[in-house]
Amino acid sequence: MAVEFVGIDPNTDRDHCPTVWADAEAQEILLQGWKPSPETQAECEASSPANGPVVSEPVSEYIRWEHYVTHANVTAGEEVRWLPRRRATSIPLPGNDFWLFDGALLRVHHFSGDGVVVEDEITAAPDAVKLYSAAFEAVWERAIPHHLYEI
């Protein structure tokens with residue numbers, strides 16, 4: 001298995017930080033390093049590129065790093081887009097972060113005030129799926145493809 005180095009967390013020292021590697025042949029992303037704290041994991045999940053992140057500009061160092069390591073997702077075949085907040089003003093967005101599967105099943109993430117995951121709700125309720133699907137489509141339409149979004 002030949003893996004390609006993708007990136008390193010810029011906010012940790014070089015000896016104890018998580019790194020990301022991509023195995024293009026197996027289409028897998030490999031993570032190496034310390035187990036993230038619940039807060040870091042929640043932050044990563046909340047701003048995951050798979051969710052079509054809405055980003056403030058200028059971007060934070062964390063988003064700069066996330067944009068850099070997203071190359072591995074793209075290499076593995078995922079289509080990723082970025083939505084600057086200034087383009088999201090007129091989109092009615094749900095109050096919670098979510099993953100939408102096949103336009104029929106939602107995984108809704110509920111966070112505490114300090115960003116820790118409290119609960120993940122799984123639902124196929126038609127009204128919720130319709131609301132979240134419409135929001136996703138509106139975001140996706142306005143978002144900038146990863147290879148065109150410059151930081």
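Buried here means under 20% relative accessible area.

**View 1. Overall fold of the predicted model.** In this predicted model, buried residues account for 34% of the 151 residues in the protein. The protein contains 3 helices and 9 strands, which follow one another along the sequence in the pattern β-β-β-α-β-α-β-β-β-β-α-β. The accessible surface comes to about 9400 Å², and 54% of that surface belongs to carbon and sulfur atoms. Of the contacts between residues at least 6 apart in sequence, 51% join residues at least 24 apart.

**View 2. A nonpolar patch on the surface.** Phe101, Leu105 and Ile122 together make a nonpolar surface patch of about 270 Å². Ile122 lies in strand β8, which covers residues 117-123, and this isoleucine is classed as exposed because its relative accessible area is 55%, where exposed requires over 50%.

**View 3. Threonine 123 and its surroundings.** Threonine 123 is also located in strand β8, but this residue counts as buried because its relative accessible area of 16% is under the 20% limit. The side chain of Thr123 reaches the backbone nitrogen of Ala125 at 3.0 Å. When neighbours within four places in sequence are left aside, Thr123 is in contact with Ala104, Leu105 and Leu106, and also with Ala128 and Val129. Leu105, one of these contacts of Thr123, is also one of the residues that make the nonpolar patch with Ile122.

Methods:
Residues are numbered from 1 along each chain as its sequence is written. This is a predicted model: local features need pLDDT of at least 70, side-chain atom pairs count only at pLDDT 80 or more; totals for chains, interfaces and linings use all residues. Side-chain values use heavy atoms; hydrogens and water are left out. Patches are made of residues with over 30% relative accessible area and no salt bridge: like charges are joined within 9 Å, nonpolar side chains (Val, Leu, Ile, Met, Phe, Trp, Tyr) within 5 Å. Accessible areas come from the Shrake-Rupley method with a 1.4 Å probe; for residues, only the protein chains shown count as cover. A salt bridge is a side-chain nitrogen of Lys or Arg within 4 Å of a carboxyl oxygen of Asp or Glu. Helices (H or I, at least four residues) and strands (E, at least two) are DSSP runs, numbered from the N terminus. Buried means under 20% relative accessible area, exposed over 50%, partly exposed in between (1.4 Å probe, protein chains only). A polar contact is a pair of N or O atoms within 3.5 Å; within protein, one must be able to donate a hydrogen and the other to accept it, and residues adjacent in sequence count only if both atoms are side-chain atoms. Contact means heavy atoms within 4.5 Å.
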